[in-house]
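Student: I have just opened this entry for the first time. Could you walk me through a few of its features?

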Amino acid sequence: MEAAVREENPELKEFETSVFTGTYITPGIDKEYFDYLDKQRSDDAKADKAWNEANEDLEIYNI
């Protein structure tokens, strides 16, 4: 892909290809970071679900 782009514009020397390679130019973005985000999202979703279930009848009393 890079070669095809360079054929159109040879002045381009570097590409940000992390979406394809998984190697990010930003420091600290690695598998551990994505694992951390996944756990945070999972924990937040569980907390939201528990809160919603605990308060699902609350609206009935606030009419």
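**A first look around**

Tutor: Gladly! E11 is exposed, with a relative accessible area of 70%. Keep in mind that this is a predicted model.

Student: Where does E11 lie?

Tutor: Look between two helices. Helix 1 covers 2–8, and E11 belongs to the loop between helix 1 and helix 2.

Student: How far apart in space are E11 and S42?

Tutor: Along the sequence, E11 and S42 are separated by 31 residues. In space, from C-alpha to C-alpha, the distance is 44 Å.

Student: How many aromatic pairs are there?

Tutor: Rings count as a pair if their centres lie within 6.5 Å. By this rule the count is two.

Student: What kind of pair do Y24 and F34 form?

Tutor: Their ring centres are 5.6 Å apart, with 55° between the planes. Stacked needs under 30 degrees and edge-to-face over 60, with the rest in between. The pair of Y24 and F34 is therefore tilted.

Student: Which parts does this pair tie together?

Tutor: The two residues are 10 residues apart in sequence. F34 sits in helix 3 (31–54), while Y24 is in the loop between helix 2 (18–21) and helix 3, so the pair ties together that loop and helix 3.

Student: And what kind of pair do Y33 and F34 form?

Tutor: Here the ring centres are 5.9 Å apart. The planes meet at 65°, so this pair is edge-to-face.

Student: Is Y33 buried or exposed, or partly exposed?

Tutor: Buried means under 20% relative accessible area, and exposed means over 50%. Y33 has 34%, so Y33 counts as partly exposed.

Notes. Residues are numbered from 1 along each chain as its sequence is written. This is a predicted model: local features need pLDDT of at least 70, side-chain atom pairs count only at pLDDT 80 or more; totals for chains, interfaces and linings use all residues. Side-chain values use heavy atoms; hydrogens and water are left out. Rings of Phe, Tyr and Trp (its six-membered ring) pair if their centres lie within 6.5 Å; planes under 30 degrees apart count as stacked, over 60 as edge-to-face and the rest as tilted. Helices (H or I, at least four residues) and strands (E, at least two) are DSSP runs, numbered from the N terminus. Buried means under 20% relative accessible area, exposed over 50%, partly exposed in between (1.4 Å probe, protein chains only).
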